[in-house]
Amino acid sequence: MTLRQRTADRLVGYLFITPQLVGSAVFVLLPLGLVLWYSLHEWNVLAGSFEFVGGENYQALLDDPQLPSVLRATGLFSVGLVVFNLSLALLLAVLLNQKLRGLTVYRTLFFSPVVVSLVAWTIVWGFLLQSNGGVNGLLDTIGVEGPNWLRNGTSAMVSVVAVQVFKNVGLNMVLFLAALQGVPHELYEAAQLDGASAWTRFRRITIPMISPTILLTSIITVVGSLQVFAQIAVLTQGGPGTSTTVLVYYLYQQAFQFHHFGYGSTLAILLFVIVLALTLVQWQMRKRWVFHES
């Protein structure tokens, strides 16, 4: 291949990746750089002032008395969502991977919440979880007096986690189902001939074979759990107290309710660092528990 041909090939390659590079620069790198720049300033939109303050916003972050409770609520929500979402999704996928009647109906039923409007879904659940709502109405039929789900710290967190789990569990279920259908049946037949129990086959064959999908879904779910906003805004507005004030909602309060845009940008940087760190940790852990990784 001549030099001219190699140059032409490189040019074609650069042309193909240019839209992606431009999109990443405009919609990812540029906003991230602006947020970092804003975090070094005190920006009062109402007064029209934009003053450089250096690291004062980061010092305020360290001194913020509400930040520990916000991070605690964020951690509780994320852990609860990841554990219950992935566990339920895998259970449903295993059940729907069997030869049962009406599988298409069940798959559609469990996946349908994924395509429903998030705000509409949350509003409906807001009505259901009221003290006189549908959930307590069902509990009354069996003689159980339900609490005011959204007005108690513990039950409010449980409620928002449950609403989010039921909303998105179908997506992970479909991913797990696709992975399960790709596991060779010969492995199960050989293990069964060797006397392996159903649990042993699941633990020794199914989990290792679908571990790449588990990694993918765990990363998606962790990142999504740290970015939750609409559910909190509609259901609890961060209450009662700060029991459900997660980091994204706290960022929204500081920037758009209290007009502390500089401090809000600092919280955005904190969120970015947390998401990046957790993603890198999960990516590095793949070498230990993802099949075929080394």
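This is a predicted model: local features need pLDDT of at least 70, side-chain atom pairs count only at pLDDT 80 or more; totals for chains, interfaces and linings use all residues.

Q: Where does Asn57 sit, and why is Asn57 called buried?
A: Asn57 belongs to helix α2, residues 56-63; a helix here is a DSSP run of H or I with at least four residues, a strand is a run of E with at least two, and both are numbered from the N terminus. Buried means under 20% relative accessible area, exposed means over 50%, and partly exposed is in between, using a 1.4 Å probe and protein chains only. Asn57 has a relative accessible area of 5%, so Asn57 is buried.

Q: What makes Pro113 buried?
A: Pro113 has a relative accessible area of 12%, so Pro113 goes down as buried. You'll find Pro113 in helix α4 (residues 103-115).

Q: How do you know whether Gln20 and Phe16 are buried or exposed?
A: Gln20 comes in at 56% relative accessibility, so Gln20 counts as exposed. Phe16 is at 67%, and therefore Phe16 counts as exposed too. Gln20 lies in helix α1, and Phe16 lies in helix α1, residues 3-38. The C-alpha of Gln20 is 51 Å from that of Leu193, 173 residues apart along the chain.

Q: Which residues make the nonpolar surface patch?
A: Val12, Tyr14, Phe16, Ile17 and Leu21 make a patch of about 550 Å². Patch residues have over 30% relative accessible area and no salt bridge; nonpolar side chains (Val, Leu, Ile, Met, Phe, Trp, Tyr) are joined within 5 Å, like charges within 9 Å. A salt bridge is a side-chain nitrogen of Lys or Arg within 4 Å of a carboxyl oxygen of Asp or Glu.

Q: Why is Gln237 called partly exposed, and what is its phi?
A: Gln237 has a relative accessible area of 42%, so Gln237 is partly exposed. Its phi is near 50 degrees, a positive value in a residue other than glycine. Most residues other than glycine have a negative phi, and most peptide bonds are trans. Gln237 is in the loop between α11 and α12.

Q: What is the peptide bond from Gly239 to Pro240?
A: That bond is cis, with omega near -5 degrees. Pro240 is in the loop between α11 (230-235) and α12 (247-257).

Q: What makes His259 partly exposed?
A: His259 has 27% relative accessibility, so His259 counts as partly exposed. Phi of His259 is near 60 degrees, again positive in a residue other than glycine.

Q: How many residues line the largest pocket?
A: The lining has 16 residues, and Val94, Asn97, Gln98, Tyr188 and Thr206 lie nearest the pocket's centre. A pocket is an open set of points on a 1 Å grid over the protein atoms alone, where a 1.4 Å probe fits, with protein on both sides within 12 Å along at least five of seven lines; lining residues have an atom within 4 Å of a point. The volume is about 570 Å³.

Methods. Residues are numbered from 1 along each chain as its sequence is written. Side-chain values use heavy atoms; hydrogens and water are left out. Grid points are joined across faces, edges and corners, and a volume is the space filled by probe spheres set on the points. Accessible areas come from the Shrake-Rupley method with a 1.4 Å probe; for residues, only the protein chains shown count as cover.
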